[in-house]
Structures are given as C-alpha cells and as structure tokens.
Amino acid sequence: MKKHNFSAGPCILPQEVFQKSADAILDFNGIGLSLLEISHRSKDFVAVMDEARAIVKRLMKIGDDYEVLFLGGGASLQFCMVPFNLMKAEGGKAAYLDTGVWAAGAIKEGKKFGTVDIVGSSKEDNYSFIPKDYKVGAEYDYFHCTSNNTIYGTEMHKFPEVDTVMVCDMSSDIFSNARDYSKFDLMYAGAQKNMGPAGVTLVVVKKEILGKTGRDIPTILDYEKHIGKESMLNTPPVFPIYATLLTLQHLENNGGIEAAEQRNIQKAKLIYDEIDNNPLFEGFAKKEDRSFMNVSFKLLDESKKDEFDAAWKAAGISGLNGHRSLGGYRASMYNALPLESVQVLVDVMKSIK
Ligand SMILES: *Cc1c(COP(=O)(O)O)cnc(C)c1O
C-alpha cells in the first residue's frame, strides 16, 4: 500500500513522475536506449535540459535577464559558491539573516570569504520565528536569507526591501507559493525538497550581478562558466534533471504555482487548525511565521506518545518524526502531498483522547 509520505526530504513527488521516470530508465522516448546510457550531448537529452531551463522561467514568471542552471553538490555547495561569485575580493562584506541550521551553514561558509554581518537572528529562541526589523544598505555585496526553515517550520511570508543584491536559499519551499520571484537576484534550491530527486540543485541568477568580485574563481564553481556552457560545463546529473523536468511539467499542467499555492493553503489550514484546537498538541513556530511546507509540533502529554505513534503508523503515515535537533513531530507537506494525506493525519490526531 502506498504510504502517506510526510518526509522532509528526499520527499514525495507526483506518482506520474515516478512512473514516467521508470519508463525513461527502461526506454527513453522510444529510442531503444535508457536515459541512463545516452550522452548528455545527445539531442534527446539536450532537449530535456533546454526545456527544464525554460519551464523554470515560465513558472517563476521571470525574464531573459535570468539564467537557469542545474548543478551538482547540493544546496550546501551554494553556501560557498554564492560568496565566491558575489563577495568582493577586497573588503568584501555581506549581510545574512540567521533563521536556522541551514542559514547558519551558509553564514559559516560566507565568513571564509570576507566580513559577514548577521542582521537578524532568532537563534536565542531556538529559531522559532523570523526576525523582521533590520535594514540592509548598499555597503553590502549581497543579502542572504532562507525562505523556509525546513527543520523548525518557519517561513518568510514577506521579504525585506534591500539596497543590494538579494540571494535566497529556497530549497524547501520553491514553487510552493506565488511569491514575486523577480524580487531576487539569485535563488537556489536543492531539488529533493519540493522539486525532484536528490542529486541536482537549481540556481537561478541574474547575469548582471556576476563578474564583479575580482576573484579568481575555480572554473567549476564559477556561475559565468556554467552559463557559458548552458549548464553543461561538465556532465550534468541527467536523471535528477529529467525527473525534475517531469515534476515541473506536472506542476504547469495542474495550474502552475498559483494552483499549488491554493492547495498548500488548504493543507496548512487543515493541520494548523487541528494543532490549535486540540489541547494535546502544540505548534513550534510563532503563528505569523508558520511554514506551509514543514509543520513542526509536539505532543504535550508524553504518556500518549506510544498510542499516537502506533496510530499514525497504523494509518499508513510515514516520515512524521521531527528533526533530530528539535524532536517532536514534523509533517512536511510539499506540493505532491495530497490533501487526503493531511486529513488522515488530522483524523489520527483527533482520535487520541
Ligand atoms: C536541505 C536543505 C539544505 C541542504 O541541502 P543539500 O542539498 O542536502 O545540500 C539547504 N538549505 C535548506 C533550506 C534545506 O532545507
């Protein structure tokens, strides 16, 4: 039986994507070869890459001033690629918002390249909210933020106006809501949270911000070099790119980001209403900063833990345990998770007395 998959990542994808990916592994486009055994320079794969790059722009409603790259190394590689490409070699300085473990990971790497100012942090409160009152001036080479904090379940529902280049790690909420993507100069996201299988990272970057640091950037870490080769500087991760394309086509064919956002709002309302109305449970994040993707909560009566755990497992739910650093529970509700799965979880929560 197919489980109700609340995993934080790698995560649920549309069933149709699993089926079509499996088909392509056996016989890609009916060419008598597997997707896994053809050259990335073959016309069949070049078409995949071209369409994957184009569909990202259509979904985000961004123009040709942006370039789309599919890179290896995970979102974590971007923690150093961003400063390498954007922080000035002489007197480089960047502003970071510290909203969780991933943001802190980006900060740690940024410091290796220049001065990092943390303009806001919720660390003292265990990252349970998004800091808001801060200013970022033109003295910074860029501002870096994390739109959704996967572990804590907080999300930026508003972004600041900054006087510099705006960089955002969107790994766990990309394509989940109709934010104005043209507000950002560089966006990146590991595929495995809401977009595809592990192994590829999406980078969307405005060309005009590149080439200004005076740094000698290793070729493989240089966005401009990747752009020059249309994201084929070296062998790209062909399978995750193909499965990502299928996921994005599925999204486009089902009403695009706007329709996905409406479904995500419905799912979030269903579970947060239960958390707020059921005295046995408590949400982790401050209400106004609650994530629509990752819902972190705890059971207030520890004596009910075994009963609750047994009940959700019996209901076919998988992946509900909280991150090891936070404990409790986390229901990750990425685009592909159906409303029915959330209803099953809410029914289980109601059944514990
Ligand atoms: C998971 C995650 C990362 C790390 O992604 P990798 O692809 O494993 O390197 C970075 N940022 C956020 C917000 C994440 O959720």
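The following legends describe close-up views of a predicted model.

Local features are given where pLDDT is at least 70 and side-chain atom pairs only at pLDDT 80 or more, whereas totals for chains, interfaces and linings use all residues of this predicted model. Residues are numbered from 1 along each chain as its sequence is written, and side-chain values use heavy atoms, with hydrogens and water left out.

View A. Three strands, in the order S11-S12-S14, form an open sheet with antiparallel pairing. Helices (H or I, at least four residues) and strands (E, at least two) are DSSP runs numbered from the N terminus, and two strands pair if DSSP finds at least two bridges between them. Strands S11 (281-283) and S14 (329-332) are the edges, each pairing on one side only. From one strand to the next the twist averages 35°. Four bridges link S12 (residues 294-299) to S14 in the antiparallel sense, and Val295 stands opposite Ala331 in S14. Helix H7 (residues 256-277) lies across S11, S12 and S14 and runs at about 20° to S12; axes are lines fitted to C-alpha atoms, for helices over the stretch in contact, and angles run from 0 to 180 degrees between N-to-C directions.

**View B. The enclosed strand S2.** All six of the six residues of S2 (residues 66-71) are buried, so the strand is largely enclosed by the rest of the structure. Buried means under 20% relative accessible area, with a 1.4 Å probe and protein chains only. Tyr66, Val68 and Phe70 cover one side, and Glu67, Leu69 and Leu71 the other, all of them buried. S2 is joined to the antiparallel strand S10 (residues 201-206) by six bridges, in which Phe70 has Leu202 of S10 as its bridge partner.

**View C. The packing of helices H8 and H9.** Helix H8 (residues 305-314) packs against helix H9 (residues 339-351) at an angle of about 150°, with their axes 10 Å apart. That angle makes H8 roughly antiparallel to H9, a term applied to angles over 145 degrees. The contact (heavy atoms within 4.5 Å) is made by Phe308, Ala311 and Trp312 of H8 with Leu345, Val348 and Met349 of H9. By class, the contact of H8 with H9 has six nonpolar, no polar and no charged residues; Ala, Val, Leu, Ile, Met, Phe, Trp, Tyr, Cys and Pro count as nonpolar, Asp, Glu, Lys and Arg as charged, and the others, Gly among them, as polar.

Conventions. Buried < 20%, exposed > 50% of the residue type's maximum accessible area, 1.4 Å probe, protein only. Parallel < 35°, antiparallel > 145°, perpendicular 65-115°, else oblique.
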